[in-house]
Amino acid sequence: GSLDGSTNEMDFDEFHDFVIDCDLPTKAYGFDTMGLQYEEANKGSNDKVLELHEFIAMVTRVAFNRANPQVGLLYARESKAFKTEADSPLPDCLAELMAQILKLARRDNAAEFKTTTLVEPVVHETLQKRRDDLSQWWEMASGGKDTIEIEPWVEALDKLLLFSDVEIEIADGSFHRVRFSVPQAKAAFCAGCQDPQLGMMPSEVLECV
């Protein structure tokens, strides 16, 4: 989306995060195929982002094709597997997908974050211990400027190898997924800066981090 954190636009990187966060890919319908629905919903526009009405159209397309991955395949409708497992019509498949999205999708909780997570004793203590280090990092990353703009912010995080998507095995044998993406970094920047267009000021680095 846009630098000011518009909730009415979604770019392709944000779409990828949305798909992963909501656990949308299946063995028969993966992300690359879903990307075609993004492109289809954006046809006719002069931009590379989805507006709200385009996003709704895209979700509807994904819901149907995800539930019916064999649609369009030659002789698919004649197969027993299609008739018994894959024939899931609208609006049922859309309602099912929406329930999953509403359960798993990331929320814009910037205001809540400021009054809960940010003021937790362990978070506050950790930030205070690292305040000097973060101030020095800000001075180096800003290059002597008054603020750090969003692209240098993302580039700095990339140089620190902070963007990742890995699974960590827990002692009980289960796995915990650890992800940090460019859209998440941009969202933190926009939420932590009083004026994202102006950039991040030294006093805002703690919240952004």
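## Basis of the model

This is a predicted model: local features need pLDDT of at least 70, side-chain atom pairs count only at pLDDT 80 or more, and totals for chains, interfaces and linings use all residues. Residues are numbered from 1 along each chain as its sequence is written, and side-chain values use heavy atoms, with hydrogens and water left out.

## Overall build

The protein chain has eleven helices and four strands. Helices (H or I, at least four residues) and strands (E, at least two) are DSSP runs, numbered from the N terminus. Of the 209 residues, 31% count as buried. Buried means under 20% relative accessible area, exposed over 50%, and partly exposed in between (1.4 Å probe, protein chains only).

Contact means heavy atoms within 4.5 Å. Take the contacts in the protein chain with a separation of 6 or more: residues 24 or more positions apart account for 51% of them.

## Nonpolar cores

A nonpolar core is a set of buried Ala, Val, Leu, Ile, Met, Phe, Trp, Tyr and Cys residues joined through side-chain atoms within 4.5 Å. The largest has 19 residues. Phe15, Phe18, Leu24 and Ile101 have the most contacts inside it. Helix 1 (12-21), helix 2 (31-41), helix 3 (52-67) and helix 5 (92-104) each give two or more residues to this core. A second, separate core has 17 residues, including Leu134, Trp153, Ala185 and Cys193.

Ile101 touches Phe18, Cys22, Leu24, Val59 and Arg107, not counting residues up to four places away in sequence.

## One face of helix 2

Helix 2 has these buried residues: Phe31, Met34, Gly35, Gln37, Tyr38 and Ala41. Seen down the helix axis, they fall within an arc of 155°, so they line one face of helix 2. The arc is that of the directions from the helix axis to the C-beta atoms. These buried residues pack against strand 1 (9-10), helix 1, strand 2 (50-51) and helix 3.

## Two buried loop residues

Thr147 sits in the loop between helix 8 (131-142) and helix 9 (150-159). Its relative accessibility is 14%, so Thr147 counts as buried. A polar atom of the Thr147 side chain lies 3.0 Å from the backbone oxygen of Leu198. Leaving aside neighbours within four places in sequence, Thr147 is in contact with Trp138, Ser142, Leu198, Gly199, Met200 and Met201.

Ser181 is in the loop between strand 4 (175-180) and helix 10. Ser181 is buried too, at 9% relative accessible area. Its side chain makes a polar contact with the side chain of Asp17 (2.4 Å). A polar contact is a pair of N or O atoms within 3.5 Å; within protein, one must be able to donate a hydrogen and the other to accept it, and residues adjacent in sequence count only if both atoms are side-chain atoms.

## Cysteines

How many disulfides does a search of the whole structure find? The count is zero. A disulfide here is a pair of cysteine sulfur atoms within 2.5 Å. For the sulfur of Cys208, the closest cysteine sulfur is in Cys193, 4.0 Å away, which is too far for a bond. Cys208 is buried, with a relative accessible area of 5%. Cys93 is buried, at 3%.
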